[in-house]
Amino acid sequence: MASAELSVIYSDDDQGRFRGTVQPGQPLHRIQEVRRLQGMSLRTAARQLGTDIRSIRAQEQATTDLRLTDIYRWQRALDVPIAELLVDEDESLSRPVRERGAMLKIMKTARSIVDSACDGPTKRMAENLVEQLLDLMPELKEVSPWHSVGQRRSLDEMGRIAEQPLGDPSYYYRDACE
């Protein structure tokens, strides 16, 4: 039985790049940068990924070594090419990803203006802006407005507070003490 020996000679500047080792503190991905660029909150990311905010914070740290399945989950949640999430030392985020992030923020602002506008002309201008943005990027159709205070929750997410309306006397200190 024959055997062969393979030896590879590396130059000093190739040592960390080709041996499969990652230098401590070396950025591995840009998940947090892309999430922030798109204006996605930690809570929204956690909901889309089906995990808690603490896990999201840990995963989006650039030096966190994520499993490939986690990176694919992030890719679906952020709706960007997977190559944009991975760090390449020589390149920043591509122009289409930066522009998409800006368009998402503009659409959220336009939808917020439509929701909060009281007078006709302002509301019509905001509605026209929404239509124009949809002409440019039809995938923005499902983008919701910015949350005005906290996050709006569905009845399924309400929990125990939905079981006891605020009119319940036990919520009032004076009534509870009498």
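## Order of the elements

From the N terminus on, this protein runs α-α-α-α-α-α-α-α-α-α. That makes 10 helices and 0 strands, where helices (H or I, at least four residues) and strands (E, at least two) are DSSP runs, numbered from the N terminus. Keep in mind that this is a predicted model, so local features need pLDDT of at least 70 and side-chain atom pairs count only at pLDDT 80 or more, while totals for chains, interfaces and linings use all residues. Residues are numbered from 1 along each chain as its sequence is written, and side-chain values use heavy atoms, with hydrogens and water left out.

## Inside and outside

The protein has 178 residues, and 26% of them count as buried. Here, buried means under 20% relative accessible area, exposed means over 50%, and partly exposed is in between (1.4 Å probe, protein chains only). The accessible surface of the protein comes to about 13200 Å², with 53% of that belonging to carbon and sulfur atoms. These areas come from the Shrake-Rupley method with a 1.4 Å probe, and for residues only the protein chains shown count as cover.

How much of the contact list joins residues 24 or more positions apart? Among contacts with a separation of 6 or more, such pairs account for 60%. A contact means heavy atoms within 4.5 Å.

## Two nonpolar cores

A nonpolar core is a set of buried Ala, Val, Leu, Ile, Met, Phe, Trp, Tyr and Cys residues joined through side-chain atoms within 4.5 Å. The largest one has 17 residues, and those with the most contacts inside it are Ile31, Val34, Ile56, Trp74, Leu78, Val80 and Leu85. Helices α2 (31-37), α3 (42-49) and α5 (68-78) each supply at least two residues of this core. A second, separate core has 11 residues, including Met107, Ala110, Ala126 and Val143.

Back to Val34: if you skip its neighbours within four places in sequence, valine 34 is in contact with Leu78, Val80, Glu84, Leu85 and Leu93.

## Met40, a buried loop residue

Methionine 40 sits in the loop between α2 and α3. Is methionine 40 buried or exposed? Methionine 40 counts as buried because its relative accessibility is 12%. Not counting residues up to four places away in sequence, methionine 40 touches Arg35, Ala45, Gln48, Ala77 and Leu78. Take leucine 78: methionine 40 is 38 residues from leucine 78 in sequence, and the two are 8.4 Å apart in space, C-alpha to C-alpha.

## Helix α5 and its two sides

Which residues of α5 are buried? They are Asp70, Ile71, Trp74, Ala77 and Leu78. Seen down the axis of α5, these buried residues fall within an arc of 120°, so they line one face of the helix. (The arc is that of the directions from the helix axis to the C-beta atoms.) The buried residues pack against α2, α3, α4, α6 and α7. On the face turned away from the buried side, you'll find the exposed residues Leu68 and Arg76.

## Helix α8

Helix α8 covers residues 120-136, which is 17 residues, and reaches 24 Å from its first C-alpha to its last. That is close to the expected 24 Å at 1.5 Å a residue, the expected span being 1.5 Å times one less than the number of residues. The buried residues of α8 are Ala126, Val130 and Leu133. Looking down the axis of α8, they fall within an arc of 65°, so they line one face of the helix. What covers them includes α7 (95-116), whereas the face turned away carries the exposed residues Met125, Gln132 and Asp135.

## Salt bridges

The structure holds 4 salt bridges. A salt bridge is a side-chain nitrogen of Lys or Arg within 4 Å of a carboxyl oxygen of Asp or Glu. Arginine 35 forms one with glutamate 60, and their closest N and O atoms are 2.6 Å apart. This pair links distant parts of the chain, with arginine 35 in helix α2 and glutamate 60 in the loop between α4 (53-59) and α5, 25 residues apart. Both arginine 35 and glutamate 60 are buried.

Within α5, aspartate 70 and arginine 73 lie 3 residues apart, about one turn of the helix, and their side chains meet in a salt bridge (3.0 Å, N to O). Arg67, Asp70 and Arg73 are linked in a network of salt bridges. Aspartate 79 pairs with arginine 100 in another salt bridge, with the closest N and O atoms 3.1 Å apart.
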